[in-house]
Amino acid sequence: MAEPDSILDGSGARIAAGLIALACAGLILFINWHVLFPPPKKNADDDAKLNPEFVACRDARLATVEKMKQEGVLTAEQFTQFSARAVDTCAGQFPPGG
């Protein structure tokens with residue numbers, strides 16, 4: 001005796017499965033949109049848009065840190081840390097804007 005066709009074998013079930021697959025693909029695309037299409041990066045060195053006090057402070061502090069590196073006072077790792085701290089300090093005192 002032949003088995004009756006299941007409701008899962010019908011065209012309605014296939015359409016529902018296709019719609020679910022499209023919804024899952026859309027959800028994955030929505031969640032990972034920033035990874036697939038990252039926003040354009042801002043140019044941090046565009047001094048025209050930055051606060052002039054911040055630029056002056058940043059340049060002075062980075063020059064001091066660079067001088068310390070050239071004199072051999074700082075290692076490469078310390079230079080990276082001190083440079084980041086110098087920029088953060090100036091950003092705290094004078095918000096860069098832009």
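Predicted model: local features only at pLDDT ≥ 70, side-chain atom pairs only at ≥ 80, totals over all residues.
As for the overall make-up, the protein has 4 helices and 0 strands, so that, read from the N terminus, the order of its elements is α-α-α-α. The protein has 98 residues, of which 11% count as buried. If we turn to the contacts in the protein with a separation of 6 or more, 58% of them are accounted for by residues 24 or more positions apart.

Two packed helices are described by the angle between their axes and by the distance between the axes. In our case the pair is helix 3, which covers residues 52–70, and helix 4, which covers residues 76–93; their axes come within 9 Å and cross at roughly 160°. Since angles over 145 degrees count as roughly antiparallel, helix 3 and helix 4 are therefore roughly antiparallel to each other. The crossing of these two helices, helix 3 and helix 4, is right-handed.

Which residues make up this contact? On the side of helix 3 they include Phe54, Leu62, Val65 and Met68, together with charged ones such as Arg58, Arg61, Glu66 and Lys69, while on the side of helix 4 we find, among them, Phe79, Phe82, Ser83, Ala86 and Val87. Taken together, the residues of the contact of helix 3 with helix 4 divide into 11 nonpolar, 3 polar and 4 charged.

Is Ser83 buried or exposed? Its relative accessibility is 14%, and because buried means under 20%, Ser83 counts as buried. If we leave aside the neighbours within four places in sequence, Ser83 is in contact with Leu62 and Val65, and both of these partners belong to the residues of helix 3 that meet helix 4.

Thr80 lies in helix 4 as well, but at 54% relative accessibility, with the cut-off for exposed set at over 50%, Thr80 counts as exposed. Thr80 and Val65 are 15 residues apart along the chain, and their C-alpha atoms are separated by 9.4 Å.

That brings me to the end, and I am happy to go back to any of these residues on the screen.

Definitions and conventions
Residues numbered from 1 in each chain as written. Heavy atoms only, no water. Buried < 20%, exposed > 50% of the residue type's maximum accessible area, 1.4 Å probe, protein only. Contact = heavy atoms within 4.5 Å. Axes fitted to C-alpha atoms, helices over the stretch in contact; angles between N-to-C directions. Parallel < 35°, antiparallel > 145°, perpendicular 65-115°, else oblique. Left-handed = near helix turned anticlockwise from the far one by under 90°.
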